[in-house]
Amino acid sequence: STSSPSHAEAAEKVQIKVRIPVQDYPGYNFIGRLLGPRGATLKQLENDSGCRLFIRGRGSLRSADPHLEAQKARLPGFEHLNEELHLLIEHQGPPDAREAALLLAERQVRMLLVPPESDDTDELKKTQLKELAILNGTYKENKTLLAVANRRAPPVGMAQMPHGNQGGGNAQGFFPQEAMNMLQQQRAMLQQ
């Protein structure tokens with residue numbers, strides 16, 4: 001006989017931490033890369049995976065004042081400020097979808113935590129800047145830039161994934177085909 005999971009088990013919250021490699025790449029703006037314009041990149045990762053994502057640890061506060069951060073670290077709810085900078089991935093839901101959701105979120109986040117060789121090759125940053133300009137109402141199409149951009153193909157082994165219309169932008173993101181397949185499988189499981 002098979003037993004069905006209890007309500008408490010089905011709603012269990014599971015968390016994993018992904019270290020943000022600030023020591024390996026000093027000065028690189030990982031928080032900006034993860035958040036994107038007005039938080040759009042992080043929101044899209046949450047929508048794609050079904051997980052909640054939180055930037056935590058030293059350096060995660062908006063204030064750049066280390067003294068303020070040290071004071072807050074002693075307060076309840078701010079204990080994470082005593083840890084190194086990390087992204088907390090959280091899933092709460094049925095166990096059968098949990099593993100796929102966490103794996104998808106972790107893989108997408110890890111892709112964003114590898115800085116590009118140069119800003120010229122950083123398609124995500126270009127997309128984020130374009131989306132920000134659209135949100136701010138300062139975007140002007142440059143036909144020369146568009147012609148160059150249209151000649152560029154996505155990186156080998158990557159699939160384009162539309163981001164949806166967040167705040168008026170329609171940016172494109174690049175995620176591994178394997179992650180796309182997992183996302184489709186997860187959505188199919190949830191529809192059954």
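Modeller: A helix here is a DSSP run of H or I with at least four residues and a strand is a run of E with at least two, both numbered from the N terminus. This is a predicted model, in which local features need pLDDT of at least 70 and side-chain atom pairs count only at pLDDT 80 or more, while totals for chains, interfaces and linings use all residues. Residues are numbered from 1 along each chain as its sequence is written, and side-chain values use heavy atoms, with hydrogens and water left out.

Biologist: How do you know that the length of H6 agrees with its number of residues?

Modeller: The expected span is 1.5 Å times one less than the number of residues. For the 14 residues of H6 this should give 20 Å, and the end C-alpha atoms are 20 Å apart, so the two agree. Helix H5 (residues 95-112) has 18 residues and reaches 26 Å, close to the 26 Å expected.

Biologist: What makes one side of H5 its buried side?

Modeller: Ala97, Arg98, Ala101, Leu102, Leu104, Ala105, Gln108, Val109 and Leu112 are buried in H5, a word that means under 20% relative accessible area, with exposed being over 50% and partly exposed in between (1.4 Å probe, protein chains only). These residues cover an arc of only 165 degrees, which puts them on the same side of H5, the arc being that of the directions from the helix axis to the C-beta atoms. The face turned away from them carries the exposed residues Asp96 and Glu99.

Biologist: Why do strands S1 and S2 count as edges of their sheet?

Modeller: The open sheet has 3 strands in the order S1-S3-S2, with antiparallel pairing. S1 (13-19) and S2 (52-56) each have a single partner strand, so one side of each is left without a neighbour in the sheet. From one strand to the next the twist averages 25 degrees.

Biologist: How do you know that S3 pairs with S1 and with S2?

Modeller: Two strands pair if DSSP finds at least two bridges between them; S1 and S3 (residues 86-92) have 7, and S2 and S3 have 5, so both pairs meet that limit. In S3, Ile89 is the bridge partner of Ile16 and Leu87 that of Val18, while Ile55 also stands opposite Leu87.

Biologist: Why is S3 described as largely enclosed?

Modeller: Of its 7 residues, 6 are buried, so the rest of the structure largely encloses S3. H5 lies across S1, S2 and S3, at about 160 degrees to S3, an angle taken between N-to-C directions on a scale from 0 to 180 degrees, with axes fitted to C-alpha atoms, for helices over the stretch in contact.

Key: Contact means heavy atoms within 4.5 Å.
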